[in-house]
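Please read the following report alongside the sequence and the model, taking each part in turn.

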Amino acid sequence: MTNSPFLETIRIDMRTKHYSIRTEKSYLYWIKKFILFNDKRHPEKMGNIEIERFLNYIATYRHVSASTQNIALCAIIYLYRHIIKVEIKDLNYKFAKQPKRLPTVLSATEIASILHHMSGKYHLITALLYGCGFRLSEALSLRIKDIDLSNHSIFVFRGKGAKDRYTLLPHSLIPALKKQIAFAQQVHDNDLHEGYGCASVPPALHKKYQNSLKSFSWQYLFPSNVRCVHPYDGYICRHHIHSSAYSKKLRPAVIASQITKRVSAHTFRHSFATQLLISGSDIRTVQELLGHTDIKTTELYTHVIGSRRAGTASPIDTINMI
């Protein structure tokens with residue numbers, strides 16, 4: 001089923017439309033699950049009833065989250081709209097309403113404790129997440145050419161929503177960055193010595209920049225331990241380390257720090273935003289540094305720090321309890 005001609009047709013269509021590799025994998029996963037759930041019947045022979053049964057099944061019996069339900073529905077809509085060429089109408093199912101949650105943030109003391117229990121490149125990645133407001137994917141995707149040590153700035157290429165932006169480079173991280181750049185240079189020199197050395201780049205850029213891909217400037221700041229075959233263009237290259245490798249290092253550091261909050265890589269980005277607002281940074285500046293399209297997304301952080309900003313105190317604090 002994995003290598004079926006039908007799924008391969010969907011894969012080709014998504015790559016033609018320049019969908020991200022993560023979206024491609026997710027959509028193919030749910031389309032495959034949808035077909036298997038309905039006894040491998042071809043989607044052309046199915047309709048609203050089968051779609052509704054599948055979506056209700058994953059919500060009721062697999063207990064998937066609201067966002068996962070919505071992704072599965074998007075995958076099926078994509079299947080019928082772009083592959084089957086049929087619009088799904090009058091579906092007795094709507095996008096699941098996602099709960100509005102305030103982000104978890106860490107204090108400077110908690111951040112320092114986590115950093116104390118991390119070392120090497122994982123310590124640097126954590127420092128970049130908190131010091132620059134990166135998403136984890138943005139930090140791992142940094143290339144040597146994106147780092148401007150002289151102007152203390154970092155270029156984020158194709159962040160979320162395919163938006164480019166510049167963000168600040170903390171002065172305190174320059175020594176660690178220089179050390180990591182030297183390590184990346186050593187890895188690249190070894191690749192060149194063994195007859196390789198190509199950087200992993202987005203689809204189609206391999207042909208456009210073929211003569212430049214072996215230059216050090218194109219290499220990732222955090223190179224993977226092994227070379228791999230490019231998922232689109234098929235050449236041997238060296239990608240950046242996988243996000244799961246960072247998550248495996250973060251969890252023990254959080255436990256060792258005795259922090260009871262739910263901490264993920266994205267928590268450091270939330271903490272970056274709230275600390276800037278607490279220190280008096282303009283919300284428009286924070287919006288630009290985070291790469292938010294809508295100011296309302298950035299305004300969410302004002303709710304997190306609202307009580308401290310307004311000086312509000314609980315009534316019980318005015319009572320002398322003995």
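In this predicted model, helix 12, which covers residues 283-290, packs against helix 13, which covers residues 295-304, at an angle of about 115°, and their axes lie 9 Å apart. Because angles from 65 to 115 degrees count as roughly perpendicular, helix 12 and helix 13 are roughly perpendicular to each other. The crossing in which helix 12 passes helix 13 is right-handed. On the side of helix 12, the contact is made by I283, R284, V286, Q287 and L290, which meet I295, T298, E299, Y301 and T302 of helix 13. Sorted by class, this contact of helix 12 with helix 13 has five nonpolar, three polar and two charged residues.

A second pair is formed by helix 1 and helix 2, and the table sets out the packing of both pairs.

| Helix pair | Angle | Axes apart |
|---|---|---|
| Helix 12 (residues 283-290) and helix 13 (residues 295-304) | about 115° | 9 Å |
| Helix 1 (residues 5-16) and helix 2 (residues 21-37) | about 150° | 10 Å |

Since angles over 145 degrees count as roughly antiparallel, helix 1 and helix 2 are roughly antiparallel to each other. Helix 1 passes helix 2 in a crossing that is right-handed. The contact of helix 1 with helix 2 comprises nine nonpolar, one polar and four charged residues.

Conventions
Residues numbered from 1 in each chain as written. Predicted model: local features only at pLDDT ≥ 70, side-chain atom pairs only at ≥ 80, totals over all residues. Heavy atoms only, no water. Axes fitted to C-alpha atoms, helices over the stretch in contact; angles between N-to-C directions. Helix = DSSP H or I, 4+ residues; strand = E, 2+ residues; numbered from the N terminus. Parallel < 35°, antiparallel > 145°, perpendicular 65-115°, else oblique. Left-handed = near helix turned anticlockwise from the far one by under 90°. Contact = heavy atoms within 4.5 Å. Nonpolar A, V, L, I, M, F, W, Y, C, P; charged D, E, K, R; others polar.
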